[in-house]
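Visitor: Hi, I've got a structure open and I'd like to talk it through. Can you help me read it?

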Amino acid sequence: METDEHGLWQQQPGPTVVATFDADSDYLGPRTQQTMLNFRVRDLDAMLAQLRAHDAEVAPEIQDMEGVGRFGWVNDPEGNRIELWQPA
């Protein structure tokens, strides 16, 4: 992320999604996790490779959704699942 001298991060223009899931869904990861950050990325494969190179816990699967894009996941150091999205 590129930030200014005050730590401010400016997002590139694009969609912002707020999605809800059933309480019994495992999509977010462990049941204790009730929210998940989703970051748009330009190149999902390159981002996942970079995370793996830094020993991040990256999920082995990638999901392709026609007309929506590609999705991958990584866990933060506390075990929270984070979604990475390369829009179509």
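Visitor: How much of the protein chain counts as buried?
Guide: Of its 88 residues, 22% count as buried. Buried means under 20% relative accessible area, exposed means over 50%, and partly exposed is in between, using a 1.4 Å probe and protein chains only. Keep in mind that this is a predicted model: local features need pLDDT of at least 70, side-chain atom pairs count only at pLDDT 80 or more, and totals for chains, interfaces and linings use all residues. Residues are numbered from 1 along each chain as its sequence is written, and side-chain values use heavy atoms, with hydrogens and water left out.

Visitor: What caps the N-terminal end of helix H1?
Guide: That's Asp43. One of its side-chain oxygens lies 3.2 Å from the backbone nitrogen of Asp45, and H1 covers residues 44-53. After H1 comes Asp55, which has a positive phi, near 65°.

Visitor: New topic: how many salt bridges are there in the whole structure?
Guide: A search finds two. A salt bridge here is a side-chain nitrogen of Lys or Arg within 4 Å of a carboxyl oxygen of Asp or Glu.

Visitor: Which residue does Asp45 pair with?
Guide: Asp45 pairs with Arg70, and their closest N and O atoms are 3.2 Å apart. Asp45 sits in helix H1 and Arg70 in strand S4 (residues 69-75), so this pair ties together parts that are 25 residues apart in sequence.

Visitor: And what about Asp64 and Arg70?
Guide: Their side chains meet in a salt bridge too, at 3.1 Å from N to O. That links Asp45, Asp64 and Arg70 in a network of salt bridges.

Visitor: Is Asp64 buried or exposed?
Guide: Asp64 is exposed, with a relative accessible area of 55%. Asp45 counts as partly exposed, at 40%.

Visitor: Where does Met65 lie?
Guide: Met65 lies in strand S3, residues 63-65. Its relative accessibility is 36%, so Met65 counts as partly exposed. From Met65 to Glu83 is 18 residues in sequence and 14 Å in space, C-alpha to C-alpha.

Visitor: Last one: what does the C-alpha trace span along its principal axes?
Guide: About 40 × 30 × 25 Å for the protein chain.

How values were computed
Polar contact = N/O pair within 3.5 Å; in protein donor to acceptor, adjacent residues only side chain to side chain. Helix = DSSP H or I, 4+ residues; strand = E, 2+ residues; numbered from the N terminus.
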